[in-house]
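Here is a friendly walk through one model, with an eye on its charged side chains. Have the coordinates open as you read.

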Amino acid sequence: MTSITTAEDYIREQEILEAEARELLPFKADLCTQDYDKNEIGKPLRQAIYLCKTCGLDKGVCVGCSIICHGDHDLLELFPKRGFVCDCPTSRFSKECSLKKLKATYDSHPNHYNHNFQRRFCACDQIYEPAECDQEMYQCLSCEDWFHEGCLNLRDKNQEGRVNDENSEDAGPVLRLPRSKFDAFVCSECVLSPDLEHLRRYAGTPSFVLLESMKSLPQEGDDDESAIPLKFSNKREHSEDDDYEENDVKRAKTGENESQSVPQEETIQACKVPAINEESQQFLSNLSQNPPPKPPSEAPRADMFMLHGWRDKWCKCENCMTKLSKHPWLFAEEATYEPQEEEQEEKTLLQLGAEALNTLPREKALDGLKAYEKMSSSVKDFLKPFADTGKTVEAADINNFFSEQQQKLKNGDNQA
């Protein structure tokens, strides 16, 4: 079937494409974040990172470089990574970065390249293809890897949801913990690591959910404390566990008289770590000794889901804050770099092209206008026979015209 496109159709399609482009890329792409680092905070950023599959794996680029330096390449968005330096200006790429302006350049030594930089995600280590993935995925707050909903055992395969809308979160097997109920999650592999001992201590206490300990789901309208679907004590009291009882609380003394000691409450805040959940701790201990198999598997995992307001549950005593300070993301949401938004995003490509032409030196601007006039004249000559005869311009005619123009340029013909 012959493809026919009118001028009005072409203009309308162009406007739609430009609107979609502004929605997807509403920001300026005029800065490599290596320059932002040096000018603003002087250290690696938490920022959205892109893997350029065209240039090779095991390296990542910032938003600006993904558009300007790698815009015509095959890219895969890895989403935010903390403490990451854009690799585009470094020796990891053979091509020079088009955005880097400052002479000083970070090397990539602080960067951590997990298997995401090999296009692999989740504990199942599968290659990720956006067009083929039909599952929701969640980013671990600790390692920042992405995990399939199925690999986290979030669905109860024995209970089918009764929903007609296949796009609803309730479609398919019943969710053991609805997405609206939790704010963040830490994967089983990170929970079981020695590095997150303090987080593990809170397993099964208010707002720190292990699916395997869950009895019932939080109900709408419940307050944070009563909505926790776990078997645990709701009391906020000092732990009886000897391993967490030592808080290094010392009574201040005035002079040599111990009776004049300042009360403890006035010197150092008492520890308010909640009582441990024995069942959850035993469960984690068993998994530490016998780690779960690689997904997909229905074997229990130690994934921890934190409900809304979970950061407010931490004890703020000096000893606990020292432990939390090793991982700042535990007690405060991290700032993520976002490029500055484009100020005049409603302009068309024609208007933007005219503005760019005005910024050129006069000689180059004249050369550009001459080239435009030649192309305009060639287009008019091409369209005149169609206008005279009333014949419709088809896609094949347009393709042949531009092929001839390209051939003329290759042959050095000035009559472009």
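Glu189 is partly exposed in this predicted model, with a relative accessible area of 40%. Its side chain meets that of Arg301 in a salt bridge. Because Arg301 sits in the loop between helix H6 (278-289) and strand E12 (304-307) while Glu189 belongs to helix H4 (residues 188-191), the pair ties together parts that are 112 residues apart in sequence. Arg301 itself counts as buried, at 6% relative accessibility. Arg301 also forms a salt bridge with Asp303, and Asp303 is buried too, at 3% relative accessibility.

| Pair | Distance (N to O) |
|---|---|
| Arg301 and Glu189 | 3.1 Å |
| Arg301 and Asp303 | 2.8 Å |
| Glu149 and Arg179 | 2.9 Å |

The pair of Glu149 and Arg179 links distant parts of the chain, 30 residues apart: Glu149 lies in the loop between strand E7 (146-148) and strand E8 (155-160), and Arg179 in the loop between strand E9 (173-175) and strand E10 (182-186). Glu149 is buried at 7% relative accessibility, whereas Arg179 is partly exposed at 22%. Elsewhere, a network of salt bridges links Arg46, Arg82, Glu144 and Glu334.

And which charged residue is buried yet has no salt bridge? That is Asp397, whose nearest side chain of opposite charge, Lys391, is 4.9 Å away. Asp397 is found in helix H10 (residues 395-410) and touches Phe382, Phe386 and Thr392, leaving aside residues up to four places away in sequence.

On confidence, the chain averages a pLDDT of 77, and 69% of the residues score at least 70. Over residues 218-266 the pLDDT is below 50.

Conventions:
Residues are numbered from 1 along each chain as its sequence is written. This is a predicted model: local features need pLDDT of at least 70, side-chain atom pairs count only at pLDDT 80 or more; totals for chains, interfaces and linings use all residues. Side-chain values use heavy atoms; hydrogens and water are left out. pLDDT is the predictor's confidence in each residue, from 0 to 100. Contact means heavy atoms within 4.5 Å. Helices (H or I, at least four residues) and strands (E, at least two) are DSSP runs, numbered from the N terminus. Buried means under 20% relative accessible area, exposed over 50%, partly exposed in between (1.4 Å probe, protein chains only). Lys and Arg count as positive and Asp and Glu as negative; His and the chain ends are not counted. A salt bridge is a side-chain nitrogen of Lys or Arg within 4 Å of a carboxyl oxygen of Asp or Glu.
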